[in-house]
Amino acid sequence: MRRHARRCASIEYGGGRLDSELHLYRNEHTANRRAFLARAYGHWLAFLFCFLMAGASRAEEQPTAAMMEPVHGLVAFMSSLRRGEQPTVFARRGLCIVENFAPFLFCGSQAAANWSAGFRAHAAAGDLKNLAAVFGEAHDFKQSDKRVYFSLPTTWTGLTHGKPFEEHGAWSFVLEQEDAGWRILGYGWGVTAYSETPR
């Protein structure tokens, strides 16, 4: 019986049979592994390509330099507040502004003058100095004929009563193209975060 068992062992596992089969299995495993890695690498490259293409398609259209001109002009006016100066960045007709200082809504034929007076009073009450604005990339840019709309992430910095402050918000604009160039037909300001640094 033991002799028979040894003979079977020799037939099943001896004479190099096991080694040759293991060699085949190893070769098959290596080939399968290479094929798997090639497929995985190919899938990864395809995913990366799709991701990059999706990112490119998501890049939003931005306002042109000419469109941003009145926005920068408005910031310059608000930062300097020269005595007797009036803003020249607003449209001649139809102006309407939503602000966070009273009376909050400035519309009609006297909108620019009323807004200017309101902002001067607001700046005086807050003792605002050294005002500066930094913009992020515009969102939701849309154009229809001679009008455009976009929203600008904006960060205002400066001093209020001698203390540094930082105000974050969304500044949404509607511009209209006039003979003299793009002008602000309306805007809305909304604060999203505000902080002051004690001195």
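Reader: Why is the contact between Lys 142 and Asp 140 called a salt bridge?

Author: In this predicted model, the side chains of Lys 142 and Asp 140 come to 2.2 Å, N to O. The cut-off for a Lys or Arg nitrogen and an Asp or Glu carboxyl oxygen is within 4 Å, so the pair counts as a salt bridge.

Reader: What makes Lys 142 and Asp 140 partly exposed?

Author: Lys 142 has a relative accessible area of 47%, and Asp 140 has 37%. Buried means under 20% and exposed means over 50%, so both values fall in between and the two residues are called partly exposed.

Reader: How do you know that strand S4 pairs with strand S5?

Author: Pairing takes at least two bridges, and S4 (residues 139-144) and S5 (residues 147-160) are joined by 4, so they qualify. The two strands run antiparallel, with Lys 142 opposite Tyr 149 in S5. They form a hairpin with 2 residues between them, and Asp 145 in the turn has a positive phi of about 55 degrees.

Reader: What makes Arg 92 and Glu 178 a salt bridge, and is each one buried or exposed?

Author: Arg 92 sits in the loop between helix H3 and strand S1, while Glu 178 belongs to strand S6, 86 residues apart. Arg 92 has 58% relative accessible area, and that is over 50%, so Arg 92 is exposed. Glu 178 has 14%, which is under 20%, so Glu 178 is buried.

Reader: Why does the salt bridge of Lys 163 and Glu 196 tie together separate parts of the chain?

Author: Because Lys 163 lies in strand S6 and Glu 196 in strand S7, 33 residues apart in sequence. Their closest N and O atoms are 3.1 Å apart. By the way, the structure holds 6 salt bridges.

Reader: Which residues have the most contacts inside the largest nonpolar core, and what makes it a core?

Author: They are Leu 74, Phe 90, Trp 115, Phe 150, Trp 171, Phe 173 and Tyr 187, in a core of 32 residues. It's called a core because its members are buried nonpolar residues joined through side-chain atoms within 4.5 Å. H3 gives the largest share, 7 residues.

Reader: What does Phe 150 touch?

Author: Its contacts include Pro 63, Met 68, Val 71, Trp 171 and Phe 173, leaving out residues up to four places away in sequence.

Methods: Residues are numbered from 1 along each chain as its sequence is written. This is a predicted model: local features need pLDDT of at least 70, side-chain atom pairs count only at pLDDT 80 or more; totals for chains, interfaces and linings use all residues. Side-chain values use heavy atoms; hydrogens and water are left out. Buried means under 20% relative accessible area, exposed over 50%, partly exposed in between (1.4 Å probe, protein chains only). Contact means heavy atoms within 4.5 Å.
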